[in-house]
Every structure is written in structure tokens, then in C-alpha cells.
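Please consult the sequence and the model alongside the text.

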Amino acid sequence: MVAMKIKTVLFVDDEVSILNTLKRLLRNENYHLLTATSAQQALELLNQYCVNIVVSDMRMPHVGGAEFLEQVKLKHPAVSRMIMSGDADLESVVNTINHEDIKQIISKPWDNDTLKKTIASHLTSNQNTIGDSHEDSITTHKLKQAINVQKREINELQKKLEEFIHKI
């Protein structure tokens, strides 16, 4: 029997209450749920986890949903992207859909059953679970971080050694 990889969905919204509502609503679903309150935090999670779907609020401070989804498309092109919007202007949403290959718009407030079905549908239609190349890039990123830590430690030890030699 082939072990199935658990799928992961990342919700990004600057309103913590919305993320908490989504956590409660989706806690029993058959996928790993991640949440982020900013684009920066979401990008960090995307570098750490193999995410299948990103659902981003359209209006967020600092980096808005359109700009964030553009970054996701560039850095993680295999990740499906969706917009969750309540009051963003139509032109902005249409531009984002057209330029960032958005798979779905989820309106706020959402219907719980429809949201669950939408996510489940996109997870099953995206059977290629982002793939080993994404996992390989995560592993490579982690290895590079470990190497950088070791380089700093070596430099610190080298400085201490040089200081010790100068004292002799």
C-alpha cells in the first residue's frame, strides 16, 4: 500500500478572528491547516512546508493579497492560489485572477459547507501533491541554513583561536 502524503492548506488573513474561525471550522478535515497573519509569515511557512493550496485575503496591510499571490506564483508555482475577499474592488480582484492564475474566489462571509467542498475539490483535483521538487527545495533551503550556521560557528571559533594565539 502506498502511503498518502498529507495535504496542506495555508490561509492568510490579517484578522486573527477569521483565522480562528477557519481553524475551528476545518479542524476535522483531512488535511493539515496552516494560518498566517501576514504575507511575510505566509512566505516563511511556504518555505518550511509542502503547501498544496494558499487562500489569501485580498486586503491586508503592508503586502496585499494580490502582491502576495504574485510572490507565491513566482517562488512556489505549483501551489494552487485562491482569493478570499469581502470588500475588495472588483477590478482589483479581476486583475489578480488574470495575472496570478487564481483557482477560486471565496467570498466573505463564506458558506461553511461550500468552503469545505471547495477546498476538498481542489485538493483532490490537484493529485500531484506539489511533488518532490518542492520538498527537495525545502530540504535544500534547510541544508543551506544549517551550513550558514556552521560557517558562523567556525568563524567564531577561528576568531577565538586567533585571539588565543595572540595572547601567547
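## Strand β3

In this predicted model, strand β3 (residues 53-57) is mostly covered, with five of its five residues buried. Buried here means under 20% relative accessible area, exposed means over 50%, and partly exposed lies in between, with a 1.4 Å probe and protein chains only. Ile53, Val55 and Asp57 point one way from β3, while Val54 and Ser56 point the other way. Strands (E, at least two residues) and helices (H or I, at least four residues) are DSSP runs, numbered from the N terminus.

## Basis and confidence

Residue numbers start from 1 along each chain as its sequence is written, and side-chain values rest on heavy atoms, with hydrogens and water left out. Because the model is predicted, local features need pLDDT of at least 70 and side-chain atom pairs count only at pLDDT 80 or more, whereas totals for chains, interfaces and linings use all residues.

The mean pLDDT of the chain is 78, and 76% of its residues reach 70 or more; pLDDT is the predictor's confidence in each residue, from 0 to 100. Over residues 128-132 pLDDT stays under 50, and the model has ten contacts beyond four places in sequence for them. Contact means heavy atoms within 4.5 Å.

## Overall architecture

The chain contains six helices and five strands, which follow the pattern β-α-β-α-β-α-β-α-β-α-α along the sequence. Of the 168 residues, 37% are buried. Among contacts with a separation of 6 or more, 68% are between residues 24 or more positions apart.

## Strand pairing and crossovers

Strands β1 and β2 run parallel and are joined by five bridges; two strands pair if DSSP finds at least two bridges between them. Thr8 has His32 in β2 as its bridge partner. Strand β1 also pairs with β3 in the parallel sense, over four bridges, and Val12 stands opposite Ser56 in β3.

The passage from β3 through α3 to β4 is a right-handed β-α-β crossover. A crossover is right-handed if, with the strands pointing away from the viewer, the path from the first strand over the helix to the second runs clockwise. Strand β1, helix α1 and strand β2 also form a right-handed β-α-β unit.

## Nonpolar cores

The largest nonpolar core has 18 residues. Such a core is a set of buried Ala, Val, Leu, Ile, Met, Phe, Trp, Tyr and Cys residues joined through side-chain atoms within 4.5 Å. The residues with the most contacts inside it are Leu10, Val12, Leu46, Val51, Val54, Phe68 and Val72. Two or more residues each come from β1 (8-12), β2, α2 (39-48) and α3 (65-75), and α2 gives the largest share, five residues. A second, separate core of 17 residues includes Leu19, Met84, Ile106 and Trp110. In soluble globular proteins, nonpolar side chains tend to be buried together.

Beyond its neighbours within four places in sequence, Leu10 is in contact with residues including Leu34, Thr35, Leu46, Val51 and Val54. Thr35, in strand β2 (residues 32-36), is buried at a relative accessible area of 18%. With the same exclusion of sequence neighbours, Thr35 is in contact with Leu10, Phe11, Leu19, Lys23 and Leu45.

## Helix faces

In helix α1 (residues 16-26), the buried residues are Ile18, Leu19, Leu22, Leu25 and Leu26. These fall within an arc of 125° seen down the axis of α1, so they line one face of the helix; the arc is that of the directions from the helix axis to the C-beta atoms. Helix α2 buries Ala39, Ala42, Leu43, Leu45 and Leu46. Their arc around the axis is only 160°, which puts them on the same side of α2.

The buried residues of α3 are Gly65, Phe68, Leu69 and Val72. They lie within an arc of 95° down the axis of α3, so they line one face of the helix. Gly65 has 0% relative accessibility and therefore counts as buried. Leaving out residues up to four places away in sequence, Gly65 touches Ser56, Asp57, Met58 and Met60.

Ala78 is placed in the loop between α3 and β4 (80-85). At 41% relative accessibility, Ala78 counts as partly exposed. Ala78 and Ile53 are 25 residues apart along the chain, and their C-alpha atoms are separated by 9.1 Å.
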